[in-house]
Amino acid sequence: MTFDSKVSIIGCGNMGSALAEGMIKQQLLPASNLMISDIVPERLNELNQQYQIQTTNNTHQAIQFADIIILAVKPQILNSLLTKISSFVDSSKLIISIAAGISLKSIESYLPQGSR
């Protein structure tokens, strides 16, 4: 089954990369519907070459691209990331965090009212 949604994964460390790889290998969505954002250009180039995934170091671009945004950053980075992206998030975006130990209430406190 393939989904039509566009997905951005912010953070392409072990977890973010595994999610991207799984989505592509399991054909959950075409590579053209997936974008990865990270601050490490070498990792972005590697994923782009291996899976033809769109990559960017611009978080704003990743947010604009996607219907679903997966936050795959370390818990200690999450608050600063949420502060950075909060002005770009609206109710049309579904935010998913895989950061361990961070409560939904904490995440919601950084995002605009009505965020999903």
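A residue counts as buried under 20% relative accessible area, as exposed over 50%, and as partly exposed in between, using a 1.4 Å probe and protein chains only. At 52% relative accessibility, K74 therefore counts as exposed. The model is predicted: local features need pLDDT of at least 70, side-chain atom pairs count only at pLDDT 80 or more, and totals for chains, interfaces and linings use all residues. Residues are numbered from 1 along each chain as its sequence is written, and side-chain values use heavy atoms, with hydrogens and water left out.

Helices (H or I, at least four residues) and strands (E, at least two) are DSSP runs, numbered from the N terminus. Two strands pair if DSSP finds at least two bridges between them. Strand 1 (residues 7-10) and strand 2 (residues 34-37) pair in the parallel sense, over 4 bridges. V7 stands opposite L34 in strand 2. S8 stands opposite M35 in strand 2. From strand 1, V7 and I9 point one way, while S8 and I10 point the other way. All four of these residues are buried. Strand 2 has L34 and I36 pointing one way and M35 and S37 the other way. These residues of strand 2 are all buried too.

The interior was examined next. A nonpolar core is a set of buried Ala, Val, Leu, Ile, Met, Phe, Trp, Tyr and Cys residues joined through side-chain atoms within 4.5 Å. The largest such core has 18 residues. I10, I69, L71, L78, L81, L82 and I85 touch the most other members. Helix 3 (59-65), strand 4 (68-71) and helix 4 (75-85) each supply at least two residues of this core. Helix 4 provides the largest share, 4 residues. Contact means heavy atoms within 4.5 Å. Not counting residues up to four places away in sequence, L82 touches L71, I107, Y110 and L111. Another core, of 17 residues, lies apart from the largest one. Its members include I9, I36, L47 and A72.

A cavity is a set of points where a 1.4 Å probe fits but cannot get out; a pocket is an open set with protein on both sides within 12 Å along at least five of seven lines. Lining residues have an atom within 4 Å of a point. Grid points are joined across faces, edges and corners, and a volume is the space filled by probe spheres set on the points.

The largest pocket holds about 490 Å³ of space. Its lining comprises 23 residues, of which G11, A72, V73, K74 and I77 lie nearest the centre. Helix 1 (14-25) and helix 4 each supply at least two residues of this lining. Helix 4 gives the most, with 4 residues. For the classes, Ala, Val, Leu, Ile, Met, Phe, Trp, Tyr, Cys and Pro count as nonpolar, Asp, Glu, Lys and Arg as charged, and the others, Gly among them, as polar. The lining of the largest pocket has 13 nonpolar, 7 polar and 3 charged residues.

The second largest pocket contains about 220 Å³ of space. It is lined by 14 residues, and the closest to its centre are L104, I107, E108, L111 and R116. Strand 5 (94-97) and helix 5 (104-110) each supply at least two residues of its lining. By class, this lining divides into 8 nonpolar, 4 polar and 2 charged residues.

Several loop residues were also characterised. K74 lies in the loop between strand 4 and helix 4. A100 is placed in the loop between strand 5 and helix 5. At 59% relative accessibility, A100 counts as exposed. K74 and A100 are 26 residues apart along the chain, and their C-alpha atoms are separated by 8.0 Å. A100 and N14 are 86 residues apart in sequence and 14 Å apart in space, C-alpha to C-alpha.

Q27 is not a glycine, yet its phi is about 55°. Q27 sits in the loop between helix 1 and strand 2. It is exposed, with a relative accessible area of 57%. Q52, also not a glycine, has a positive phi of about 60°. Q52 lies in the loop between helix 2 (41-51) and strand 3 (54-56). Its relative accessible area is 54%, so Q52 is exposed.

Key:
On a 1 Å grid over the protein atoms alone, a cavity is a set of points where a 1.4 Å probe fits but cannot get out, and a pocket is an open set with protein on both sides within 12 Å along at least five of seven lines; lining residues have an atom within 4 Å of a point.
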